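Subject: Structure handover

Hello,

Here is the structure I promised to pass on. Please open it first, then read the notes below it.

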Amino acid sequence: MVLYIIGLGLADEKDITVKGLEAVKSSQRVYLEHYTSILMVDKQVLEEFYGKQVIIADREMVESQADEILKNADTENVAFLVVGDPYGATTHSDLVLRATELSIKTVVIHNASIMNAIGCCGLQLYNYGQTVSIVFFQDNWRPDSFYDKIKQNKSLGLHTLCLLDIKVKEQSWENMARGRMIFEPPRYMTVNQCVEQLLEIEEKRKENVYSPNTIAVGLARIGASNQTIICGTMSELLTADFGGPLHSFIIAGKMHFLEADTLRHYAINKDTFNANADISQH
């Protein structure tokens, strides 16, 4: 039989493809990966739409108990649902490799992800460089490895997509040390928090990779009916209201004039956009 790895798209239960929905309905077990990203609807909504029970697969299950997901997948269909596209996270590649080693047939069904949906802001997809992840800073841990990648992108005139951290079913250090299965409330990084951390690292590194005047784009709930796109300088985006999760962030590189014409429609202040945007006329 088949292990289906199915992309769900970005927003709600209706973003699944027809092929994906048929695969879900044919499956005896349906898992929903629930830590690299989230849909904007509850599990119960998915269950009603699919007519199937949905089992939440947290990080521990996917990374440490994959055998449970793959159990009997050689004799029955199993669906593993992923928000966005199945190959948006290396964890899902690992699951496919494990299944292959067990001679379990796998079928991957693709869907939209933030990696291509960001084209909605007007910055062209082939003008992006390396994507970076921005994680929540902690008191004693403030990683800045993303800075060098942004620097490389800037040197080539390319835009940078920043994927913002989410914390689902995470434990505090104290609870983890004491072996207590008590989890912190979910946290989703906002554009405002992302900008604050980026500017902190620029102040620390002082390599002029970006500044409070750098043009950037904040995006929220892309693919949903209430998606939000706001463009401005980093200092302007520090206080912009993007509403609920999930948020993404783009640092603009050199823009083709058609990119700038589109992006300008989302600008908080067109004058500051025109003054700070790096625009090519070619």
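A disulfide here is a pair of cysteine sulfur atoms within 2.5 Å.

Before the rest, a word on the source. This is a predicted model, in which local features need pLDDT of at least 70 and side-chain atom pairs count only at pLDDT 80 or more, while totals for chains, interfaces and linings use all residues. Residues are numbered from 1 along each chain as its sequence is written, and side-chain values use heavy atoms, with hydrogens and water left out.

**Cysteines**

The structure holds zero disulfides. C194 is another case: its sulfur lies 5.0 Å from the closest cysteine sulfur, in C162, which is too far for a bond. C121 is buried, at a relative accessible area of 0%. C194 is buried too, also with 0%. Buried means under 20% relative accessible area, exposed over 50%, and partly exposed in between (1.4 Å probe, protein chains only).

Now the strands and helices. Both are DSSP runs numbered from the N terminus: helices are H or I with at least four residues, strands are E with at least two. Two strands pair if DSSP finds at least two bridges between them.

Look for I5, which stands opposite F80 in β4.

Axes are lines fitted to C-alpha atoms, for helices over the stretch in contact, and angles run from 0 to 180 degrees between N-to-C directions. Contact means heavy atoms within 4.5 Å.

**The mixed sheet**

Another open sheet of five strands has the order β6-β7-β12-β10-β11. Its pairing is mixed. Six bridges join β10 (residues 215–220) to β11, and the two run antiparallel. V217 stands opposite C231 in β11.

Helix α7 lies across β6, β7 (160–164) and β12 (247–251), at about 140° to β6. Helix α9 packs on the sheet as well, touching β6, β7, β10 and β12. The direction of α9 makes about 40° with that of β12.

**Two helices that meet**

How do the axes of α7 (residues 145–155) and α9 (residues 191–205) cross? They come within 10 Å and cross at roughly 85°. That makes α7 roughly perpendicular to α9; the term covers 65 to 115 degrees, with under 35 roughly parallel, over 145 roughly antiparallel and the rest oblique. From α7, the contact is made by F146, Y147, D148 and I150. From α9 come L198, I201, E202 and R205.

**One more residue**

Q197 is found in helix α9. Q197 is buried, with a relative accessible area of 8%. Leaving aside neighbours within four places in sequence, Q197 is in contact with I134, V135, F136, F137 and M189.

Best wishes
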